[in-house]
Amino acid sequence: MWSMGKKKGAQSLFMTLDAYAKKGHKFYYLTSSKGDGLSDTELGDNIEVIRFSVPLPSRLASLKGAGFFFRVLWWFLFKLKAFRIGKGIAEKEKIDLFYGYEIYGVPAAKKLANKYGRPVVSRFQGTILAPWIGKV
């Protein structure tokens, strides 16, 4: 949840989830991140972190001409895996709403919300287009 290490970087996602958790709401946080500097137990009792991997060797992502294809493939696999994990949770737990964060989490959250007839919150901040701004 912290983009630049323990308690560094944009704190909006962590602070939002933390505030809701302190009010008694339970969260399942699905991420392909190996860790962000905080141990999962430091997040409190109402936030359960579920880490999963979607490996993409960095050499594939950096291949000239084909790197874009492999990054798109990774994104598709991430969405598919997040959807499957979320579906497993939703089959066992009563889910009030789905919360998707950024371009990676929102598509899976939207599909889950549609499947289970629940509201969805889509959270976007900034753009992933920064590397291309001014180069077109």
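**How much accessible surface does the protein chain have, and what share of it belongs to carbon and sulfur atoms?** The accessible surface comes to about 9300 Å², and 59% of it belongs to carbon and sulfur atoms. Accessible areas come from the Shrake-Rupley method with a 1.4 Å probe; for residues, only the protein chains shown count as cover. This is a predicted model: local features need pLDDT of at least 70, side-chain atom pairs count only at pLDDT 80 or more, and totals for chains, interfaces and linings use all residues. Residues are numbered from 1 along each chain as its sequence is written, and side-chain values use heavy atoms, with hydrogens and water left out.

**View 1. The protein chain holds four helices and four strands.** From the N terminus on, the order is α-β-β-α-α-β-α-β. Helices (H or I, at least four residues) and strands (E, at least two) are DSSP runs, numbered from the N terminus. Of the 136 residues, 29% count as buried. Buried means under 20% relative accessible area, exposed means over 50%, and partly exposed lies in between (1.4 Å probe, protein chains only). Take the contacts between residues at least 6 apart in sequence: 43% of them join residues at least 24 apart. A contact means heavy atoms within 4.5 Å.

**View 2. Strands β1 and β2 pair in the parallel sense.** Five bridges link β1 and β2. Two strands pair if DSSP finds at least two bridges between them. Strand β1 spans residues 27–31, and β2 spans residues 47–51. Thr31 stands opposite Arg51 in β2. The covered face of β1 carries Phe27, Tyr29 and Thr31. Its uncovered face carries Tyr28 and Leu30.

**View 3. Strand β3 alternates its side chains between two faces.** The strand covers residues 98–101. Phe98 and Gly100 point to one face and are buried. Strand β4 (residues 120–123) pairs with β3 in the parallel sense, over four bridges. The bridge partner of Tyr99 in β4 is Val121.

**View 4. A right-handed β-α-β unit is made of β3, helix α4 and β4.** Helix α4 covers residues 102–116. Right-handed means that, with the strands pointing away from the viewer, the path from the first strand over the helix to the second runs clockwise. Val106 sits in α4. This valine is buried, at 10% relative accessible area. Leaving out residues up to four places away in sequence, Val106 touches Gly100, Tyr101, Ser122, Arg123 and Phe124. Val106 and Val121 are 15 residues apart along the chain, and their C-alpha atoms are separated by 8.1 Å.

View 5. Phe69 is in helix α3 (residues 67–92). At 53% relative accessibility, Phe69 is exposed. Arg84 is also found in α3. Arg84 is exposed too, with a relative accessible area of 57%. Arg84 and Ala108 lie 24 residues apart in sequence, with 8.9 Å from C-alpha to C-alpha.

**View 6. Three salt bridges turn up in a search of the whole structure.** Side chains of opposite charge can pair when their charged atoms come close. A salt bridge here is a side-chain nitrogen of Lys or Arg within 4 Å of a carboxyl oxygen of Asp or Glu.

- Lys22 bridges to Asp18, with the closest N and O atoms 3.0 Å apart. The two are four residues apart in helix α1 (residues 12–22), so about one helical turn separates them. Lys22 is exposed at 66% relative accessibility, whereas Asp18 is buried at 14%.
- Lys26 bridges to Glu48, with the closest N and O atoms 3.6 Å apart. Lys26 lies in the loop between α1 and β1 and Glu48 in β2, so the pair ties together parts 22 residues apart in sequence. Lys26 is partly exposed at 42% relative accessibility, and Glu48 is partly exposed at 35%.
- Lys94 bridges to Asp96, with the closest N and O atoms 2.6 Å apart. Lys94 is exposed, at 65% relative accessibility.
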